[in-house]
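Work through the exercises below with the sequence and the model in view. Try each task before reading its solution.

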Amino acid sequence: MKKALRNTVGIGLVVGGVIFAVFAGWRYAGTASTAVASADIIAQGRQIYADQCAACHGADLEGQPDWRTPLASGRLPAPPHDESGHTWHHPDEVLFRIVKEGTAAVVGGGYESDMPGFADVLSDAEIRAVLDYIKSTWPERERTYQLEVSRSG
């Protein structure tokens, strides 16, 4: 009896979590998005990433070598966007703004970065697609953490 009750409660929690994720979604710059992007959106994001981001952040999201050590210019190399980097530590709204406005604009305080804003190059939907692609490559632990950071922000 106890085991059956535990199983029923466990199934209820899983189903409830899935329903919440589908209907609540996560936010990008104040808009709702589904918890899991479609295969078409991820494919679109992969292509945009290859065209616009891979030259600096690497074809496999690996970033530039020694990305934590400043270059001679004093600026940091492009970080990885895979699970070895810190992208997954940031909420959706911050990631969206960094891609749209550029790192220096988001960080402020005279911070200098080689990361430009893509507002004149990519639409908001294209920026979201790139972020959905990047997220689709993360292991479950990083995706879950990033989703929670986005929801609590």
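Axes are lines fitted to C-alpha atoms, for helices over the stretch in contact, and angles run from 0 to 180 degrees between N-to-C directions. This is a predicted model: local features need pLDDT of at least 70, side-chain atom pairs count only at pLDDT 80 or more, and totals for chains, interfaces and linings use all residues. Residues are numbered from 1 along each chain as its sequence is written, and side-chain values use heavy atoms, leaving out hydrogens and water.

**Exercise 1.** Find how helix α4 packs on helix α6.

Step 1. Locate α4 at residues 92-101 and α6 at residues 124-136. Helices are DSSP runs (H or I, at least four residues), numbered from the N terminus.

Step 2. Their axes lie 10 Å apart, at an angle of about 120 degrees. That makes α4 oblique to α6. (Under 35 degrees is roughly parallel, over 145 roughly antiparallel, 65 to 115 roughly perpendicular, the rest oblique.)

**Exercise 2.** Classify the packing of helix α2 with α6.

Step 1. α2 spans residues 39-52. Its axis is 7 Å from that of α6, and the angle is about 100 degrees.

Step 2. α2 and α6 are therefore roughly perpendicular.

**Exercise 3.** Decide whether Thr103 is buried or exposed, and list its contacts.

Step 1. Thr103 lies in helix α5, residues 103-107.

Step 2. Its relative accessible area is 15%, so Thr103 is buried. (Buried means under 20%, exposed over 50%, partly exposed in between, with a 1.4 Å probe and protein chains only.)

Step 3. Set aside neighbours within four places in sequence: Thr103 then contacts Ile98, Tyr111, Ser113 and Met115. (Contact means heavy atoms within 4.5 Å.)

Methods
Helices (H or I, at least four residues) and strands (E, at least two) are DSSP runs, numbered from the N terminus.
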